Amino acid sequence: MDAIVDQWAQVRPDLDTGPMAVYGRIYRIARTMGDAVEKEYARFGVSRGEFDVLATLRRSGEPYTLSPRELSATLMLTTGGMTGRLDRLERAGLLTRNPCPDDRRALRVTLTDRGLELADGAVTAGLGVQHQKLGSALDTEEAEQLATLLRKLLGAHE
């Protein structure tokens, strides 16, 4: 990133590339960490998108059940995109889709015991990679400061 900023400074000294230095680093960190975490999820036989569905159900708490609409809204997916993920996860025995007891036209998606176990294992493995990378670069106080600054920056975008 420094090389890119330096190159712009050489050819366009009139530009303030400060934001490029920040956002470029955020993008590169997100991409490399996302790839590293996805490799961990692959060890469990799921993609990042499939893990996101399982993790959303897991985070919802017992009985680990949401409607497809709730899942789509949380994950910012179209219903078509969600259906494909749910189909794959159901075939793998990681979740079930059943009629809603209050409205037989609606469905409820529920983690199976196997899905719960996989979600717990995959989140632990993914966090392990994140802890290792973060801990090798920042101490606890620095990591907390960075999280605070990123929360502030993200808030300005949302």
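Biologist: Which exposed residues sit on the face of α5 turned away from its buried side?
Modeller: G80 and R91. Exposed is over 50% relative accessible area, buried under 20%, partly exposed in between (1.4 Å probe, protein chains only). This is a predicted model: local features need pLDDT of at least 70, side-chain atom pairs count only at 80 or more, and totals for chains, interfaces and linings use all residues. Residues are numbered from 1 along each chain as its sequence is written, and side-chain values use heavy atoms, leaving out hydrogens and water.

Biologist: And which residues of α5 are buried?
Modeller: M82, R85, L86 and L89. They lie on the same side of α5, because they cover an arc of only 100 degrees around the axis (directions from the helix axis to the C-beta atoms).

Biologist: What comes just after α5?
Modeller: G93, with a positive phi of about 80 degrees.

Biologist: New topic. How do the axes of α2 and α7 cross?
Modeller: At roughly 100 degrees, coming within 14 Å; α2 is residues 18–43 and α7 is 140–157. That makes α2 roughly perpendicular to α7 (65 to 115 degrees). Axes are lines fitted to C-alpha atoms over the stretch in contact, with angles from 0 to 180 degrees between N-to-C directions.

Biologist: Which residues make the contact?
Modeller: From α2, V22, Y23 and I26. From α7, L150, L153 and H157.

Key: Helix = DSSP H or I, 4+ residues; strand = E, 2+ residues; numbered from the N terminus. Parallel < 35°, antiparallel > 145°, perpendicular 65-115°, else oblique. Contact = heavy atoms within 4.5 Å.
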